[in-house]
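I opened my notebook to look through this structure one step at a time. Here is what I looked up, in the order I looked it up.

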Amino acid sequence: MSYDKDNREAYILEKGDYKEAAAQFSGLKEKDLYKSQRTEYVFKYAYCCMENGDLDSAYSGFMDVNGRKLSDYTAPAHYALGYIEYNRQNFPNAREWFERAASDSRFASNASYYVLECRFLMRDYPYVIEKGTEMFADAPMDRKPHLARIISESYLVGGDVENARKFYEHTIAGQESRNTRADWFY
């Protein structure tokens, strides 16, 4: 039995039916696949596990990909490992994985953003101010309010009220209906 892109597993995965795809992948044996397909198989199976909420199995699979020869699946595995660690609130490890993923152009923007957020959650406010202000100008519009908020809070912790206010104004502009009482107090 061999796995190829025209088979049932690939079709199910492309449809987004991760539960069924995981069931199909679990029936495959890595030794039965061509060597050129093994890393792809491990990655896709791990991805299905992650999408199905089985983060332990997903983590194990992505770590397996990480331990293999560099491939097109290495950076996506690093990003996924960062995502899992972030969800586990293990921000130092998440930051490391996101930094590795950021070296790949496919993940550079999102991974860099998550590195910044991890640093904020680790209370590395000088880093957030330095890198966040650089990132802010080119950030997508949907990301700007949250980015402005963490930059503002970082300035405030450092005692720079004027810059904190400048960035905080970006978070409230046009979002009055979404702000909480705590936002207005801040």
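**Overall fold.** I counted 11 helices and zero strands in the chain. Helices (H or I, at least four residues) and strands (E, at least two) are DSSP runs, numbered from the N terminus. Read along the sequence, the pattern I wrote down is α-α-α-α-α-α-α-α-α-α-α.

**Ground rules.** I noted that this is a predicted model, where local features need pLDDT of at least 70, side-chain atom pairs count only at pLDDT 80 or more, and totals for chains, interfaces and linings use all residues. Residues are numbered from 1 along each chain as its sequence is written, and side-chain values use heavy atoms, with hydrogens and water left out.

**Whole-chain totals.** Of the 186 residues in the chain, 41% are buried. Buried means under 20% relative accessible area, exposed over 50%, and partly exposed in between (1.4 Å probe, protein chains only). I also looked at contacts, meaning heavy atoms within 4.5 Å. Among contacts with a separation of 6 or more, 45% join residues 24 or more positions apart.

**Helix α4.** I checked the length of α4 (residues 55-66) against expectation: its 12 residues, at 1.5 Å a residue, should span 16 Å, and the end C-alpha atoms are 16 Å apart, which agrees. The expected span is 1.5 Å times one less than the number of residues. Next I asked myself which residues in α4 are buried. They are Ala58, Tyr59, Gly61, Phe62 and Val65. They cover an arc of only 165 degrees around the axis, which puts them on the same side of α4. The arc is that of the directions from the helix axis to the C-beta atoms. A reminder to myself: an α-helix has 3.6 residues a turn, so residues three or four places apart point the same way. The buried residues of α4 pack against α3 (35-51), α5 (74-87) and α6 (91-102).

**Ala80.** I found Ala80 in helix α5. Is Ala80 buried or exposed? Ala80 is buried, as its relative accessible area is 4%. Leaving out residues up to four places away in sequence, Ala80 touches Met50 and Phe62. Met50 is 30 residues from Ala80 along the chain, yet their C-alpha atoms are separated by 8.5 Å.

**Two loop residues.** Gln89 sits in the loop between α5 and α6, and Arg123 in the loop between α7 (108-121) and α8. Gln89 counts as exposed at 61% relative accessibility, and Arg123 is exposed at 63%. I looked up phi too: it is near 60 degrees for Gln89 and near 65 degrees for Arg123. Most residues other than glycine have a negative phi.

**Helices α8 and α9.** The axes of α8 (residues 125-136) and α9 (residues 144-157) come within 9 Å and cross at roughly 145 degrees. Axes are lines fitted to C-alpha atoms, for helices over the stretch in contact, and angles run from 0 to 180 degrees between N-to-C directions. Residues of α8 in this contact include Tyr125, Val128 and Ile129, and those of α9 include Lys144, Leu147 and Ala148.
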